[in-house]
Amino acid sequence: MALLCALLLTAAACPGAAAVPAEGSDNGMPVLRSAAAAEDEVAYSAVREMTGPEGAQDREVRVRVVNRPGEGMALAPVGDEESALVVRSSSALESLDERLLSMLQDTYSVMDAGVADLGGRETRVVEAERADGTVAGRFWVDTGTGLLLGRTVYGAPGEPALSVRLTGLVLGEGPWPDGETGDLPWGDALTGAERADLRGRGWHLPEYLAWNLRLVDARSTRHAERRVVHAVYSDGLSQVSVFTQRGKLDAEHSPTLRNGYVGTGTGGGGVTTQHDTIFGGDTGQYQSMWQADGFVYTVLADAPAGLASSAVTALPDPGGSGFWARVRRGLARLGFL
């Protein structure tokens, strides 16, 4: 039963608590759809503060954001604005869009929870509830501009797993990076036919990682003459990115490689053969990397530990690595065994 829970895990809870769609009026959806529209209409600059769970490595990440509708969004680490990246067509899905909103409505009961103050600004609060009535996430939408100012994702026990806040909000066109800047190096989205073709050639690219983690974006690029596929899965609150590439991890360049696992390098030194994930590094995400069946898989997850775990266990495991034993140890640490 514990292993079955690992496969069906939704937010660190076994079926019955959250593993079914939540019923409800979803009267908070109009507020969120208005927030999605505002992102394409309101120019602003702010600092995006991302906070991970208590005790996490590099728990806080701060990024300066300049949004210019029609031109894109400029992102740069606070204190290093010269390394700004302009995103015009993002597969990162960092803001609300209809793909995420549809998945959110399909998974949770999305309720308008009234008005509250956030950082001195009046906001409309929207809560996403699981089938058992626990709160899986909250959104704070500015009543003046309609912008999404904050989002928190909660694990099943109620502890914050990931929080994102916009602070120091200034309306109007902010400073734009000088010179040429690069977009994210991902081409057009893969069509259904292209995804099916990849699957026919051995690529693991499922439409779902779990019942509530649906494929919402898939793109492809080339790195060092090899194809890399970036698939994004979401339940509307959390996001899991899966990067897949043919090849294998090189122990010569990765001294920590054992039994198919390796540390993720810069920002991911804490990943071990226990198949743990960490929050930290330059991305502020859960990270894990391994090889299986001639492919290398890298998972980055803005998600509670249980949901990140369910995503990882749905992917091919490295044979002979004691994978399920490690999953059992992970479940024990989460309190399931």
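Trainee: How many bridges join strand β7 to strand β8?

Mentor: In this predicted model, strand β7 covers residues 135–142 and strand β8 covers residues 148–154. The two strands run antiparallel. The number of bridges that join them is 5.

Trainee: Which residue of β8 does Trp 140 stand opposite?

Mentor: Strand β7 spans residues 135–142 and is joined to β8 by bridges. Across from Trp 140, the residue in β8 is Gly 150.

Trainee: Which strands are the edge strands of the open sheet of 9 strands?

Mentor: The order of this open sheet is β4-β3-β2-β1-β9-β8-β7-β6-β5, and its pairing is antiparallel. An edge strand here pairs on one side only. The edge strands are therefore β4 (85–87) and β5 (109–118).

Trainee: What is the average twist from one strand to the next?

Mentor: The sheet in question is the open one of 9 strands, with antiparallel pairing. From one strand to the next, its twist averages 20°.

Trainee: What angle does the direction of helix α2 make with that of β7?

Mentor: Helix α2 (residues 29–39) packs on the sheet. The strands that α2 touches are β1 (44–51), β2 (60–68), β3 (72–77), β5, β6 (121–129), β7 and β8. Relative to the direction of β7, that of α2 makes an angle of about 55°.

Trainee: Within what arc do the buried residues of helix α3 fall?

Mentor: Helix α3 comprises residues 98–107, and its buried residues are Leu 100, Leu 101, Met 103, Leu 104 and Thr 107. Seen down the axis of α3, these residues line one face of the helix, because they fall within an arc of 165°.

Trainee: How many residues of helix α5 are buried?

Mentor: Helix α5 (residues 305–313) has 9 residues and is largely enclosed by the rest of the structure. Its buried residues are Gly 306, Leu 307, Ala 308, Ser 310, Ala 311, Val 312 and Thr 313. The number of buried residues in α5 is 7.

Trainee: Is Asp 26 buried or exposed?

Mentor: Asp 26 is found in the loop between α1 (2–8) and α2. Although Asp 26 is not a glycine, its phi is positive, at about 55°. The relative accessible area of Asp 26 is 14%, and the cut-off for burial is under 20%. Asp 26 is therefore buried.

Trainee: Is Asp 293 buried or exposed?

Mentor: Asp 293 is found in the loop between β15 (285–292) and β16 (295–302). Its phi is near 55°, a positive value in a residue other than glycine. The relative accessibility of Asp 293 is 66%, and exposed means over 50%. Asp 293 therefore counts as exposed.

Key. Residues numbered from 1 in each chain as written. Predicted model: local features only at pLDDT ≥ 70, side-chain atom pairs only at ≥ 80, totals over all residues. Heavy atoms only, no water. Buried < 20%, exposed > 50% of the residue type's maximum accessible area, 1.4 Å probe, protein only. Helix = DSSP H or I, 4+ residues; strand = E, 2+ residues; numbered from the N terminus. Axes fitted to C-alpha atoms, helices over the stretch in contact; angles between N-to-C directions. Contact = heavy atoms within 4.5 Å. Arc of directions from axis to C-beta.
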